[in-house]
Amino acid sequence: MPTFVVVGANLAGATAAATLRSEGFDGRLVLIGEEPLPPYERPPLSKEYLRDEQPLERGWIRPPSFWEENEVETRFGTRVQRVDTADRTAVLAGGERIAFDAALIATGCRNRRLRLPGIDLPGVLELRTAADADRIKAAAARARKAVVVGAGFIGSEVAASLRGLGLDVALVEFATTPLERVLGAELGRVIEGLHRDHGVELFLGEAAERFEGAGRFEALLTTAGRRIEGDFAVVGVGVEPVTDVVSDTDVRVDDGVLVDATLETSVPGIYAAGDVARHDHPVFGPIRVEHFDNAMKMGEVAGRNMLGRGEVFDDAHWFWSDQYDAQIQMSGSATTWDQIVFRGRVEERSFAAFMLKDGVLRSAFSMNWKFDVRRAMPLIKAKVRPDPKRLEDPEFDLRTLAPPKEPA
Amino acid sequence: MANWVRVGEAGEVADGEVSSFSVGDRTVAIANLGGDLHAFDDVCTHQQCSLSEGELDGTVIECPCHGSQFDIMTGEVVEGPATEPIDVFEAREEAGELQVSLE
């Protein structure tokens with residue numbers, strides 16, 4: 001009877017394990033995760049869960065009883081030390097060794113740590129796990145002001161949630177706008193306005209230099225020489241893929257575990273999915289994505305491909321972010337573009353934006369605007385060259401540009 | 001036995017459209033597919049968003065919040081993150097009324 005091991009009990013890993021069972025895999029299946037909890041969704045941690053609007057239980061990826069009912073052996077609260085590719089064995093902290101026929105690396109990312117004076121002071125917090133979110137909630141409950149370092153998705157969402165809880169918030173970002181790396185400066189300025197209008201003190205173009213306090217965080221010093229006082233700080237300055245388990249093996253690593261279009265690594269039978277996987281995408285080229293929908297869909301495809309399906313993963317990528325009353329969505333992937341086309345009303349924060357490069361639609365963004373970001377996905381996948389004049393027109397239905405659907 | 005409840009006027013949901021209606025303490029969505037009416041629970045089983053705000057493609061409704069997809073004929077999940085199906089109900093137009101049965 002074959003044994004499959006999934007390293008990482010997160011969205012990608014748990015979805016892969018559930019998919020293996022729903023696709024009929026009846027061998028031994030072991031799901032291993034470092035956190036003591038059953039697999040849960042992380043998006044609420046910076047939003048609904050942080051604001052105490054919903055319990056963690058609403059975000060179970062499967063009901064906790066699912067794993068036993070489906071004969072998935074779980075090792076929650078256990079770290080995998082290494083995946084030995086020569087012996088095809090997973091070596092767990094504590095010494096357990098599990099020989100496998102196929103394995104999935106779904107180790108995700110860890111937060112990037114700033115090596116700055118005072119970073120280890122109590123009251124300097126970060127967000128990745130439910131336990132991290134609990135620490136922020138506890139700090140927020142007895143605080144008046146928070147300092148958030150980094151205006152990426154985590155920093156922006158945490159700032160919005162803390163404002164929602166009634167705290168004063170200072171948000172410090174090295175780039176010239178929030179989310180500039182993902183959205184570019186033009187859309188980043190829309191996010192900037194959103195935060196300013198909701199009373200966030202925004203300090204752009206300056207970075208953290210030092211965390212100060214007598215035994216506990218009291219203030220942040222920035223590279224601009226500014227001193228920002230607060231009762232606690234949250235640092236969200238990006239992430240890095242957790243590839244340690246396959247270091248010094250034949251699994252190729254370069255800013256993530258490299259996988260081909262079918263999510264298989266350079267070692268046959270070993271796959272990777274989720275935030276850790278740098279995937280050879282048929283449309284976008286090599287890409288590593290740190291979003292929910294991608295992790296879930298990669299988990300599904302990895303599960304099927306561990307059973308030999310050889311399915312190409314070519315999803316167009318989609319994610320959302322909720323900040324205050326703004327529902328933000330984006331699909332596709334573009335690091336650069338030469339044209340951006342708007343439809344709707346940017347000044348009212350109800351619009352879509354389409355990013356084109358050499359006339360080809362590469363990504364779509366929207367704020368409080370229905371349908372178009374999702375409708376753009378098949379167009380992005382098919383590399384269509386839409387007429388910008390039509391894109392501008394809210395009455396023009398993007399679906400008319402979509403290639404015919406592949407038969408199911 | 002079907003227990004028909006009036007929720008609106010006949011013709012209120014046009015072909016290809018989806019609308020939501022309050023029925024007692026729940027919200028029910030009604031879709032019109034080429035003249036055939038299909039009712040289903042408006043509340044996504046993932047994070048409780050309103051499905052009638054989402055896009056209907058054939059018999060599949062897509063949640064506008066996080067992309068879960070459900071077949072409105074059966075209630076089954078077509079695509080996650082939702083894992084639990086939605087309830088589906090009967091709807092009809094009768095005597096100038098739009099009616100659903102939650103039985």
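This is a predicted model: local features need pLDDT of at least 70, side-chain atom pairs count only at pLDDT 80 or more; totals for chains, interfaces and linings use all residues.
Residues are numbered from 1 along each chain as its sequence is written, while chains are lettered from A and ligands numbered from 1 in the order in which they are written.

Chain A has eight helices and 26 strands (DSSP runs, H or I of at least four residues and E of at least two, numbered from the N terminus). Its overall numbers go like this:

| Property of chain A | Value |
|---|---|
| C-alpha span along the principal axes | about 60 × 60 × 35 Å |
| Share of the 408 residues counted as buried | 46% |

Buried here takes 20 or more other C-beta atoms within 10 Å of the residue's own, with C-beta atoms placed from the backbone.

Now for the helix pair. The axes of H1(A), residues 11-22, and H6(A) come within 7 Å and cross at roughly 35° (axes are lines fitted to C-alpha atoms over the stretch in contact, with angles from 0 to 180 degrees between N-to-C directions). Among the residues that meet are A:Leu11 and A:Ala16 in H1(A), and A:Phe292 and A:Met296 in H6(A). Contact means C-beta atoms, placed from the backbone, within 7 Å.

What about chain B? Nine residues of chain A are in contact with eight residues of chain B. Helix H6 (292-306) and strand S22 (318-323) of chain A each give two or more residues to that side.

How values were computed. Two residues are in contact if their C-beta atoms, placed from the backbone, lie within 7 Å. A residue is buried if 20 or more other C-beta atoms lie within 10 Å of its own, exposed if 12 or fewer, and partly exposed in between; C-beta atoms are placed from the backbone.
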